[in-house]
Amino acid sequence: MAKKTGHVIDLASIKAKMSDPYKKTFQIVNEKGEIVNQELFDTFSDDQLVDFMEKMVWERALHEQTMNFSRQGRLGFYAPTFGEEASEMGSIAAFKEQDFLFPAYRDLPQLIQHGASVAQGFLWSKGNAVGDDYGDQRNWFPQIIIGAQYVEMAGAALGIKKNGEEDTVAFVYTGDGGTSQGDFYEGVNFASSFQAPAVFMVQNNGWAISVPRYKQTAAETLAQKGVASGVPGIQVDGMDVLAVYIATKEAREFAAAGNGPALVETLTYRFGAHSSAGDDPSRYRTKEEEKPWFDADPLIRMRKVLTDKGLWSQEKEDKLVDEYKTSFKDAMKEAENTPTQSVVDMLKTTFEEPTPQIKADIARFEAKESK
């Protein structure tokens, strides 16, 4: 306890209490697969419960097959999602088709669930421009620059407000490390200043590559990071797909109703490496600190709930995994058969009206490509 200094303002007390509203983590199903909020659990139908499980199995199968493709040299950059299935599938289910998605590079599963094809996800990883062409879908391409998507999304949210679109929000994802970037604060502040319909998703998976959460920010929770800009936040158990869905749905409804932005922090975990580039998690974390998170595996806990209700079986899951992986292999064939963009096409689409230098470059590469 801090010593009394005679100061008239007790900053130590203020600091000790400023995160209190955000410390109670919202949860419906706990780490043991036990229902801890029966009233909210009962709002889900059996079909909804099974659908959430199927989507999480789909995402894990996508991760496993995508890692295989990466090891075979058939993809470029890929950020594994192993362990974050509840955070991603629970949140994306709360948004609507008309909402604008701004994903980070670890959010290909949400991008696909929001209308993109699996093949487009692979094409994005391969650096093919077709992977960023979503037509009329309200998707933005996954952002590689940490936190930059927060600024982009804030602009889209303001556009929604200015266009008078009803029941529509813009939503964005970043990780715990992203909340330490300037773009994060700028995006939150801008959207809040204009009271734009924005939902900020923070997937706190414990690590900013090899830097643990407690080292890269002194904030006790990430949910409280919006409060200085007037943005309310909630911290939710990110391994509980039902809790994530409810928390995100509430945030979306709040923003869509004209109340300004909301922020959701999901407490999840990155089970594997930061990326397919090959960082080794065993060099910066121990098996002992990983174990509680592996014990809280979102699929294990939901599997128990559904099995207890007679809605799930290992046979059903194995069959689904086989079907999903077959579809992913077909998607990879589609991606590999998609023509790459020529240099001339790239130059022609860089600006609406090419600059004199680009016009000269187009002429030069057209001469080369015609040979």
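The model is predicted, so local features need pLDDT of at least 70 and side-chain atom pairs count only at pLDDT 80 or more, while totals for chains, interfaces and linings use all residues. Residues are numbered from 1 along each chain as its sequence is written, and side-chain values use heavy atoms, with hydrogens and water left out.

View 1. Glu290 counts as buried because its relative accessibility is 9% (buried is under 20% relative accessible area, exposed over 50%, partly exposed in between, with a 1.4 Å probe and protein chains only). Not counting residues up to four places away in sequence, Glu290 touches Tyr269, Pro281 and Arg285 (contact means heavy atoms within 4.5 Å). Helices are DSSP runs of H or I with at least four residues, strands are runs of E with at least two, and both are numbered from the N terminus.

**View 2. The largest nonpolar core, of 65 residues.** A nonpolar core is a set of buried Ala, Val, Leu, Ile, Met, Phe, Trp, Tyr and Cys residues joined through side-chain atoms within 4.5 Å. Ile28, Phe122, Leu242 and Met302 touch the most other members. Helix 3 (residues 46-71) supplies the largest share of this core, 11 residues. Beyond four places in sequence, Met302 touches Leu49, Phe52, Met53, Met56, Val241 and Leu242.

**View 3. A salt bridge between Glu54 and Lys316.** The two side chains meet at 3.3 Å, N to O; a salt bridge is a side-chain nitrogen of Lys or Arg within 4 Å of a carboxyl oxygen of Asp or Glu. Glu54 belongs to helix 3 and Lys316 to helix 13 (residues 314-336), so that the pair links distant parts of the chain, 262 residues apart. Glu54 is partly exposed at 21% relative accessible area, and Lys316 is partly exposed at 30%.

**View 4. A salt bridge between Arg270 and Asp279.** These side chains meet at 4.0 Å, N to O. Arg270 is buried, with a relative accessible area of 1%, whereas Asp279 counts as partly exposed at 22%.
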